[in-house]
Amino acid sequence: MSDFTPLRSVLYMPSSNERALEKAKSIACDGLILDLEDAVAPDAKPAARESAAAAAASGEYGRRTVTIRVNGIGTQWHDDDIVAASQAGPAAIVVPKVNSAAEVHQLVAAMEKAGAPAHTKLWAMVETPIAILSALQIAQASDRLGAFVLGTNDLVKELYAEHVPGRAPVLPSLHTALLAGRAAGIAVIDGVFNDVKDETGFLAECEQGRQMGFDGKTLIHPGQVSGANQAFAPSEAAVEDARGLIEAFEASSGGVVTYKNKMVENLHVESAKRTLAIHEAITALG
């Protein structure tokens with residue numbers, strides 16, 4: 001995991017707002033999604049496209065993972081968005097409502113035709129029932145696919161479900177996306193929390209997301225960044241335990257190994273090494 005990239009906090013920013021794009025350079029988020037879709041009015045989309053492409057190509061966002069969210073397949077803006085985003089060369093192009101492996105192939109072909117550099121990944125938004133039911137095929141469709149981004153608002157709407165604390169109505173869908181993402185070896189980023197004034201609810205949902213196994217959370221307000229960064233980073237106690245467990249295992253002479261009265265096996269060592277790799281990657285960010 002030496003090339004692990006933290007994605008604890010991935011903040012949506014409207015590309016039609018130049019002040020927001022400038023402010024994003026000083027926000028301590030791990031990732032940015034420069035949005036051309038929901039956050040941008042139809043008449044502002046062409047100008048926002050130019051702004052997002054210029055921002056992504058600028059190199060002025062430091063260590064942040066900068067991505068561009070284009071308008072969805074079939075919209076009047078999609079093709080031009082893909083071309084502009086591909087030529088800008090962000091870390092990834094985020095595409096809403098990716099529903100099949102065939103759509104992944106279509107998107108990758110369009111990116112490559114437009115000259116997207118090798119480092120520009122495709123991030124697929126999973127936000128419909130058919131996407132959840134096709135999650136494994138989507139996740140395995142291309143080596144260029146780097147992440148799933150959960151679109152929980154659309155998923156709740158499509159299921160005729162309700163937004164409730166604990167997210168019971170969508171937990172099976174979230175688990176399915178996580179299973180597919182982990183099977184394919186890609187990142188999986190949790191959906192947004194809508195009430196920017198409900199810090200308690202937001203932190204509880206971050207905690208839930210981390211416990212489930214998400215890499216991080218998409219955010220709609222800079223005020224949510226700190227909470228997500230803390231929630232999705234290993235705690236001091238977890239880091240200390242990981243180091244102690246690895247030391248105990250390496251010091252053994254092949255017999256049964258215990259650490260804090262618990263038996264240690266290879267799978268525990270692998271988990272501990274992952275914890276340390278995440279901690280070291282976050283520490284390196286400064």
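1. The model is predicted, so local features need pLDDT of at least 70 and side-chain atom pairs count only at pLDDT 80 or more, while totals for chains, interfaces and linings use all residues. Residues are numbered from 1 along each chain as its sequence is written, and side-chain values use heavy atoms, with hydrogens and water left out.

2. Helices H3 and H4 (residues 101-113) pack with their axes 8 Å apart, at an angle of about 55°. H3 and H4 are therefore oblique to each other. Helices here are DSSP runs of H or I with at least four residues, numbered from the N terminus. Axes are lines fitted to C-alpha atoms, for helices over the stretch in contact, and angles run from 0 to 180 degrees between N-to-C directions.

3. The crossing of H3 and H4 is right-handed. A crossing has this hand if the near helix is turned clockwise from the far one by less than a right angle, and is left-handed if anticlockwise. On the H3 side the contact has His78, Ile82 and Ser86; on the H4 side, Leu107, Ala110 and Met111. Contact means heavy atoms within 4.5 Å. By class, H3 and H4 meet through four nonpolar, two polar and no charged residues. In this scheme Ala, Val, Leu, Ile, Met, Phe, Trp, Tyr, Cys and Pro are nonpolar, Asp, Glu, Lys and Arg are charged, and the others, Gly among them, are polar.

4. H3 also packs with helix H2 (residues 45-58): their axes come within 8 Å and cross at roughly 20°. That angle makes H2 roughly parallel to H3. This crossing, too, is right-handed. H2 contributes Arg49, Ala53, Ala56 and Ala57, and H3 contributes Asp80, Asp81, Ala84 and Ala88. The classes in the contact of H2 with H3 are five nonpolar, no polar and three charged residues.

5. Buried means under 20% relative accessible area, exposed over 50%, and partly exposed in between (1.4 Å probe, protein chains only). Leaving out residues up to four places away in sequence, Asp81 touches Leu36, Arg49, Val70 and Asn71. With Asn71 there is a side-chain to side-chain polar contact of 2.7 Å. A polar contact is a pair of N or O atoms within 3.5 Å; within protein, one must be able to donate a hydrogen and the other to accept it, and residues adjacent in sequence count only if both atoms are side-chain atoms.

6. Glu18 lies in helix H1 (residues 18-23). Its relative accessibility is 52%, so Glu18 counts as exposed. Which side chain does the side chain of Glu18 contact? It makes a polar contact of 2.7 Å with the side chain of Ser51. Glu18 and Ser51 are 33 residues apart in sequence, and their C-alpha atoms are 7.6 Å apart.

7. Two further residues can be checked against the model. Ala277, in helix H12 (residues 266-285), counts as buried at 16% relative accessibility. Leu179, in helix H8 (residues 171-184), is exposed at 62%. Leu179 and His221 are 42 residues apart in sequence and 28 Å apart in space, C-alpha to C-alpha.

Note on methods: Helix = DSSP H or I, 4+ residues; strand = E, 2+ residues; numbered from the N terminus. Parallel < 35°, antiparallel > 145°, perpendicular 65-115°, else oblique.
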